[in-house]
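Let's take a guided walk through a structure, one part at a time. Keep the 3D view open and turn it as you read.

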Number of protein chains: 2
Amino acid sequence: MTIQIKDVARVAGVSPSTVSRVLGNGPVSAEVRKKVEAAIKATGYRPNLAARRLRSQHSQTIGLVVSDIRNPFFTAVSRAVEDAAYKAGMRVILCNTDEDAGKEAMYLSLMQEERVTGLIFAPTRETAETLDSNKLGFPVVLIDRAGPPGRNDAVVLDNAQASEILVEHLLSQGCRHIGGVFGNTSTTGVERHAGFVAALERRGLPAPARFIAPSLDAAESAIRQWLVEPDRPEALIASNGLLLMGALKAARQAKIEVPRDLLLAGFDNDDWTDIIGSGMTVLEQPVYEIGRTAMAMLMARLESPELLPRKIVLSGRLVVRGSTIAGVAT
Amino acid sequence: MTIQIKDVARVAGVSPSTVSRVLGNGPVSAEVRKKVEAAIKATGYRPNLAARRLRSQHSQTIGLVVSDIRNPFFTAVSRAVEDAAYKAGMRVILCNTDEDAGKEAMYLSLMQEERVTGLIFAPTRETAETLDSNKLGFPVVLIDRAGPPGRNDAVVLDNAQASEILVEHLLSQGCRHIGGVFGNTSTTGVERHAGFVAALERRGLPAPARFIAPSLDAAESAIRQWLVEPDRPEALIASNGLLLMGALKAARQAKIEVPRDLLLAGFDNDDWTDIIGSGMTVLEQPVYEIGRTAMAMLMARLESPELLPRKIVLSGRLVVRGSTIAGVAT
DNA sequence: ATTCGTTGTGGTATCGATTTCAATGGAATT
DNA sequence: AATTCCATTGAAATCGATACCACAACGAAT
């Protein structure tokens, strides 16, 4: 039996409506407001958000559905989203899909039951194909991976450009035989691969690439295998932080020294890349800004639902470190 | 205007009560159940969780309040908590306090408004002192940092023991002049310091220690300063992953080579510790298990509220790597 | 002096589900 | 054949807030 609004009303000697108006900054005389606020303090009243949501039809909740919060990219994004959400008086519900379309469907359904105000979502390729914000009943902002163009709002990195920047950098280091490893579940891997191929073909160079499941073990063993083949590349680009770590471990295992025997670069300026040996060259994504932008985009969409879907493309930043500078120890 | 339970009832030709019973696995004849399920599918009905929560007085929501989700320790714990929660049909609300007592108070208040079923909480020392689950109105399980004994349920590492294990290891490597750096906001730092001191005093050795704010920059500069003083230790223990990284960066800056000029060990088996040079020696916390245990404890508490508060103490595991083995390059 | 707005307040309906209680019908028991 | 019992079902109350509407009081405008 907790305290409810009518208890506060009784203590303050006003009606429940008036208490509600005080809570919601409605029109109340200064004197009554003071009485009510005193009564709230005296009773220790806490509004029941379930009741408020039901009556007001505003959940003040946004969903954040990612593949795995342990991926530092999503960790950083989620922190940005939460900061922005709480500042706007909203709650965040976080779900991990593990790149599983079944779980995605389940959590989308949950989002509907929660009547979320909006959703920030990093879908698998499969789900991105068929996702339709109108059917869902709330606006969606895709992050990291955009679906078919013009259908949903999205905040993404310029993946092709980013790959090209990395390739150009390796080319400028004198490499000609550059390999790439890419994740096989998201559109991100596809786009980064495209940029990779474009940059190399422009020079008439081959663009050997492999697509790998996004797990450390899978990456490590697949890359190790590649590195012992006779045609192993002299430089490698990894399409995300996890694959980059896998590549490094694989090189270690194969007794291939970075950068002496293999130049190595990748995406995501994760903490470890800065402290390892002479550092890993990475293409940094503006992780916090991606989250912040996604929230801002969602808010904008809520204000003007009729706007055409927008896609905000952010640029990465090349951070050159020792792993791509021949003649430096790692 | 969304579909509600009475629409489903009309389509199925039954009463809303019956639909509700189908949803809640109540007593319904097989034939009616089939009709209702068909109607649910036909209408695309999604229950409104706000309404359900209000009426049933069960929020099916648990709060998870940590200092910063970007700390890999909390990231891993949160993933475990979320896995367990969703498996039990519960939602998780995640909040970041940044070790700020003011934010903690605000989020505790939010938890009350959400009428959470329970809370998993890593409090600052300040808040831990005065926290009272009874006043809050829902059970609390503390993680990482326990408050005053016998007051709240808690899942923690055996911090003193863990420190002693690290000290013993360094002693066995021949070190006698061992320093320690500890976080200054949580009880964890205090306990780890105590174990550190105990292990050294037992041998009649000094136990020089510093308490540092838990940020990478603060750690780096404080430790760099220490390392250029004349009495700098020959080995250093860092009380968490962040401080350990700070210590490593500080050593680099001061041109002090690990492990040749300084042995370095610390808490938290974060990903990077395994791939850096010849590896960092760490005391691994069972991160996923901590989260899982906290959830299990919360469930147990909900079943039997009258049980006396319990404190579950888990043990860490020493992972020896190159950073504490003299004569190995990093 | 009358009308009109404006401001502040209270009463009541309502949000969308679950829960309680009563009613029904058929099988089982005496 | 009458009675009891169980399994299903429906009607209505309820969870705790906000939204909507009506109305009182008062000053300004005609």
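Which residues come closest to DNA strand D? They are Q4(A), I5(A), S20(A), T18(B) and R55(B), out of 22 residues that surround DNA strand D. Keep in mind as you look that this is a predicted model.

## Around DNA strand D

Look at the atoms of DNA strand D that lie within 4 Å of the protein: 61% belong to sugar or phosphate, and the rest belong to bases. A backbone N or O atom of I5(A) is 2.5 Å from one phosphate oxygen of DNA strand D. In the side chain of S20(A), an N or O atom lies 2.6 Å from a phosphate oxygen of DNA strand D, and for the side chain of S29(B) the distance to a phosphate oxygen is 3.0 Å.

Which elements give two or more residues to the surface near DNA strand D? They are α2 and α4 of chain A together with α2 and α4 of chain B. By class, the residues of this surface divide into 8 nonpolar, 9 polar and 5 charged.

## Around DNA strand C

Now turn to the other strand. There are 23 residues around DNA strand C, and those that come nearest are T18(A), R55(A), Q4(B), I5(B) and S20(B). Sugar and phosphate make up 59% of the atoms of DNA strand C that come within 4 Å of the protein.

A base is involved here too: a polar side-chain atom of S17(A) lies 2.8 Å from a base oxygen of DNA strand C. The surface near DNA strand C receives at least two residues from each of α2 (16-23) and α4 (49-56) of chain A and α2 (16-23) and α4 (49-56) of chain B. That surface has 9 nonpolar, 9 polar and 5 charged residues.

## Two copies of a chain

How can chain A be laid on chain B? A turn of 180° with a shift of 0.0 Å along the axis does it, with an RMSD of 0.0 Å. The two copies are thus related as by a two-fold rotation axis.

Why can we say that the copies meet through the same surface? Because 98% of the interface residues of chain A are also interface residues in chain B.

## Strands and a helix in chain A

Next, find strand β6 (residues 178-183) of chain A. This strand runs parallel to strand β7 (residues 209-212) of chain A, and 4 bridges join the two. One pair to look for is V181(A), which stands opposite R210(A) in β7(A). With helix α10 (residues 187-202) of chain A, β6(A) and β7(A) make a right-handed β-α-β unit.

## Backbone details to spot

Most residues other than glycine have a negative phi, and most peptide bonds are trans. Here are some exceptions. A cis peptide bond, with omega about 0°, joins V258(A) and P259(A). You can find P259(A) in the loop between α12 (241-253) and β9 (263-267) of chain A. In chain B, the peptide bond from V258(B) to P259(B) is cis as well, with omega near 0°, and P259(B) is in the loop between α12 (241-253) and β9 (263-267) of that chain.

Finally, visit Q60(A), in the loop between α4 and β1 (61-66) of chain A. Its phi is near 50°, a positive value in a residue other than glycine.

Methods: Residues are numbered from 1 along each chain as its sequence is written. Chains are lettered from A and ligands numbered from 1 in the order in which they are written. This is a predicted model: local features need pLDDT of at least 70, side-chain atom pairs count only at pLDDT 80 or more; totals for chains, interfaces and linings use all residues. Side-chain values use heavy atoms; hydrogens and water are left out. A residue is near a molecule or strand if one of its heavy atoms lies within 4 Å of it. A polar contact is a pair of N or O atoms within 3.5 Å; within protein, one must be able to donate a hydrogen and the other to accept it, and residues adjacent in sequence count only if both atoms are side-chain atoms. Ala, Val, Leu, Ile, Met, Phe, Trp, Tyr, Cys and Pro count as nonpolar, Asp, Glu, Lys and Arg as charged, and the others, Gly among them, as polar. Two strands pair if DSSP finds at least two bridges between them. A crossover is right-handed if, with the strands pointing away from the viewer, the path from the first strand over the helix to the second runs clockwise. Copies are superposed by least squares on the C-alpha atoms of residues with pLDDT of at least 70 in both. Contact means heavy atoms within 4.5 Å.
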